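The overall picture is given ahead of selected details, which are grouped by topic.

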Amino acid sequence: MYVRPAAAAAAALLGFTLTVLGGTASYAATGPGPAPGPAGLLGNPVVYAHRGASAYAPENTLDAVDLAMRLGFDWVENDVQRTRDGELVVVHDDTLSRTTDVEQVFPDRSPWRVKDFTAAEIARLDAGSWFGQEYTGARVPTLREYLDRVHRNQQRLLLEIKKPELYPGIEQQTLKVLDEAGWLDAWHVQQRLVVQSFSADCVRLVHELRPDLLTAFLGTPAVADLPRYAQFTDRINPWHTTISAEWVAAVHGLLGAHGRTMEVDTWIVDDATTARKVRAMGVDGIITNAPDVVQEAVGGYWRG
């Protein structure tokens with residue numbers, strides 16, 4: 001059985017019932033507890049290609065997904081937002097100006113918010129030349145196009161719902177597109193898909209709508225608040241500068257929404273020194289723009 005050292009240590013130290021914020025949270029029992037989610041090799045974090053291999057190709061494009069595949073990376077991360085006419089598209093910022101030529105194509109449409117443009121208008125934009133001339137003509141993909149490419153590449157997806165407060169109903173719509181694309185069958189749900197957000201309400205709603213789906217909360221809740229998150233999520237994914245080995249152990253000491261040891265995937269780590277530092281803290285995964293650098297540093301392993 002795969003037993004994470006930090007989780008085992010936390011279980012040994014925290015094998016009791018902790019009452020916080022008026023609720024009760026049961027920590028994992030002393031000794032080897034339930035196996036975590038899909039297992040990796042002992043001590044080797046899973047490496048996620050953030051927005052694809054975005055250190056080497058324009059972020060959130062199909063080029064970045066394909067490059068991650070060619071580099072040998074199984075997991076890719078992306079960001080989902082919605083157009084004015086209701087199409088889900090893969091783009092990080094809630095404006096289009098940083099990663100497309102929208103200011104040249106639509107000079108009078110400032111501040112160039114994603115939600116103010118139709119899907120057809122966004123499809124006209126060049127999402128690659130800002131990164132390098134060799135990527136001129138790359139487009140902002142729709143979520144369906146992105147899912148089809150990730151599936152074709154036999155990759156796995158860490159999907160982030162961006163700023164759901166701007167897009168009422170985006171949780172239901174995202175699940176609908178995932179379902180239509182074949183991503184909510186048992187095979188994908190059990191091994192190939194995680195949905196995350198910075199919004200706890202969003203993560204909670206996704207869990208309520210699809211209790212079988214793995215979810216993650218982006219952030220670093222206080223240790224005392226972690227049991228509340230464990231009721232509706234499986235992972236806590238923090239910025240690497242905000243965590244310690246003790247905090248990671250506290251997360252590992254809890255059982256998440258599916259009754260398994262909670263996990264920690266930290267972001268965004270692009271250098272070997274920091275990668276080794278967070279591995280020593282006991283994180284389960286590292287989200288990175290430069291997956292090859294991180295894998296070389298920590299021996300990252302594809303969760304399978």
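A residue counts as buried when its relative accessible area is under 20%. The model described here is predicted. Its protein chain contains 12 helices and 11 strands, and buried residues account for 55% of its 304 residues.

**The chain as a whole**

- Of the contacts between residues at least 6 apart in sequence, 62% join residues that are at least 24 apart.
- The chain exposes about 12,300 Å², and carbon and sulfur atoms supply 53% of that area.

**A buried strand residue, I161**

- I161 belongs to strand β6, which covers residues 156–161.
- Because its relative accessibility is 1%, I161 counts as buried.
- Leaving aside residues up to four places away in sequence, I161 touches V80, I170, E171, T174, V195, Q196, S197, C202 and V206.
- The C-alpha atoms of I161 and V203 are separated by 8.9 Å, while the two residues are 42 residues apart along the chain.

**Helices α2 and α5**

- Two packed helices are described by the angle between their axes and the distance between the axes.
- Helix α2 (residues 62–71) packs with helix α5 (residues 143–152) at an angle of about 15°, and their axes are 10 Å apart.
- Angles under 35 degrees count as roughly parallel, and α2 and α5 are therefore roughly parallel to each other.
- The crossing of α2 and α5 is right-handed.
- On the α2 side, the contact is made by L62, V65 and D66; on the α5 side, it is made by E145, Y146, R149, V150 and R152.

**Helix α10**

- The buried residues of α10 are W247, V248, A249, A250, V251 and H252.

**Helix α12**

- In helix α12 (residues 291–298), the buried residues are P291, V294, A297 and V298.
- These residues lie on the same side of α12, because they cover an arc of only 130° around the axis.
- The elements against which the buried residues of α12 pack are strand β3 (46–49), helix α11 (272–281) and strand β11 (285–288).
- G299 follows α12 and has a positive phi, near 70°.

Terms used
Residues are numbered from 1 along each chain as its sequence is written. This is a predicted model: local features need pLDDT of at least 70, side-chain atom pairs count only at pLDDT 80 or more; totals for chains, interfaces and linings use all residues. Side-chain values use heavy atoms; hydrogens and water are left out. Buried means under 20% relative accessible area, exposed over 50%, partly exposed in between (1.4 Å probe, protein chains only). Helices (H or I, at least four residues) and strands (E, at least two) are DSSP runs, numbered from the N terminus. The arc is that of the directions from the helix axis to the C-beta atoms. Contact means heavy atoms within 4.5 Å. Accessible areas come from the Shrake-Rupley method with a 1.4 Å probe; for residues, only the protein chains shown count as cover. Axes are lines fitted to C-alpha atoms, for helices over the stretch in contact, and angles run from 0 to 180 degrees between N-to-C directions. Angles under 35 degrees count as roughly parallel, over 145 as roughly antiparallel, 65 to 115 as roughly perpendicular and the rest as oblique. A crossing is left-handed if the near helix is turned anticlockwise from the far one by less than a right angle, and right-handed if clockwise.
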